[in-house]
Amino acid sequence: MDIPNNANLILKALCESGYEAYFAGGCVRDFLMNRPCNDFDITTSAKPLEIEEALNRKGIRYFETGLKHGTVTAVLDGEAFEITTYRTDGEYLDARHPENVVFVSDLSEDLSRRDFSINALAYNAKDGIVDKFGGIDDIKNGIIRTVGNPDKRFNEDALRIMRALRFASTLGFEIENETAVSVHKNAELLKNISAE
C-alpha cells in the first residue's frame, strides 16, 4: 500500500513500543479498489494510555477524542489520524451506539465487530493484508455483505442500513441477498438515527 509518511510514522511509533498496529477499514478497501484514500485509520493492540505513551516517545501530538471507546487522535503536520484499541462492542440499547466496549488483544476479534466484509480489512507492511471475512473476494465480485448475521449487525447500529445503501450506490456494488433482505426487514430501525 502507498501509505503517507506521517501515517507510517504513527504506525512505527506503536510497533517500536512493542504493540501490534494496522491500517484498517476504508483505506485498505480503497487501496484494493485503486481509489484514492485520505483517511488512514489505525487499529492497535495498545490500550489508550499506551497509545499516548508511544506517541509521547516520538514527540507526536494527540487529542483524547474517545478514550471510553479506545480512540486517540494523533496529529502530525496538521493531519489527523484516529488510533483505536482493538475492541469488541457491548450491548446496543439504542440501535446506534454500544453501551460499552471491551478492549481485546486479538485483531480478529476487532475485525469481527465491523459492519461489512469490505471494511473488515487490515494492513501493515509486516503481515500484508489481513482478510478474515472474505472482503477481498467481495470487492472483486462487487458485493456488500455484513460481517456475520445481518439482522444482528443492523440491530446493533441502524446507520449500517444507510451505509449498505451508500456503499452499493457509490461503489456500484450489489447488496448480497441475505443482507438485502435484512435491510428491508429492519428498515424501521432508521427512525433511531439522527436526521442528518
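**Close-up views of a predicted model**

**View 1. Helix 3 against the sheet.** Helix 3, made of residues 48–57, lies across strand 2, strand 3, strand 4 and strand 5. Its direction runs at about 15° to strand 4. The coordinates shown here and in the other views belong to a predicted model.

View 2. Seven strands form an open sheet in the order 3-4-5-2-1-8-9, and the pairing is mixed. Strand 3 (61–66) and strand 9 (128–131) are at the edges with a single partner strand each, so one side of each has no neighbour in the sheet. From one strand to the next, the twist averages 30°.

**View 3. Strand 8 between strand 1 and strand 9.** Strand 1 and strand 8 run antiparallel and are joined by two bridges. On this side, F23 stands opposite Y123 in strand 8. Strand 8 and strand 9 also run antiparallel, with four bridges joining them. Here Y123 stands opposite I129 in strand 9. Strand 8 and strand 9 form a hairpin, and three residues lie between them. Side chains leave strand 8 in two directions: L121 and Y123 point one way, A122 and N124 point the other way, and all are buried.

**View 4. The aromatic pair F23 and F40.** Two aromatic pairs are found in a search of the whole structure. In the pair shown here, the ring centres of F23 and F40 are 6.0 Å apart and the ring planes are at 80°; an angle over 60 degrees counts as edge-to-face, so this pair is edge-to-face. F23 lies in strand 1, whereas F40 lies in the loop between helix 2 (26–32) and strand 2, so the pair ties together parts that are 17 residues apart in sequence. Both F23 and F40 are buried.

View 5. F116 is in the loop between helix 4 (107–111) and strand 8, and F167 is in helix 7 (residues 159–171), so the pair ties together parts that are 51 residues apart in sequence. F116 is buried at 0% relative accessibility, and F167 is buried with a relative accessible area of 4%. The charged end of R166 sits over the ring of F167, at 4.8 Å from the ring centre.

View 6. Side chains of opposite charge can pair when their charged atoms come close. The structure holds 13 salt bridges, among them the pairs described next. R35 forms a salt bridge with D30, with 3.5 Å between the closest N and O atoms. D30 is buried, with a relative accessible area of 8%, whereas R35 is partly exposed at 36%. D110 and R114 form a salt bridge in which the closest N and O atoms are 2.7 Å apart. D110 is buried, with a relative accessible area of 0%, and R114 is buried too, at 16%. D138 and R145 meet through their side chains in a salt bridge of 3.0 Å, N to O. D138 counts as buried at 4% relative accessibility, while R145 is partly exposed with a relative accessible area of 29%.

**View 7. A salt-bridge network around E156.** Salt bridges link K152, R153, E156 and R160 in a network. E156 is located in helix 6 (residues 150–156). At 12% relative accessibility, E156 is buried.

Terms used:
Residues numbered from 1 in each chain as written. Predicted model: local features only at pLDDT ≥ 70, side-chain atom pairs only at ≥ 80, totals over all residues. Heavy atoms only, no water. Pairing = 2+ DSSP bridges. Axes fitted to C-alpha atoms, helices over the stretch in contact; angles between N-to-C directions. Contact = heavy atoms within 4.5 Å. Salt bridge = Lys/Arg side-chain N within 4 Å of Asp/Glu carboxyl O. Buried < 20%, exposed > 50% of the residue type's maximum accessible area, 1.4 Å probe, protein only. Phe/Tyr/Trp six-rings, centres within 6.5 Å; stacked < 30°, edge-to-face > 60°. Lys NZ or Arg CZ within 6 Å of the ring centre and 35° of its normal.
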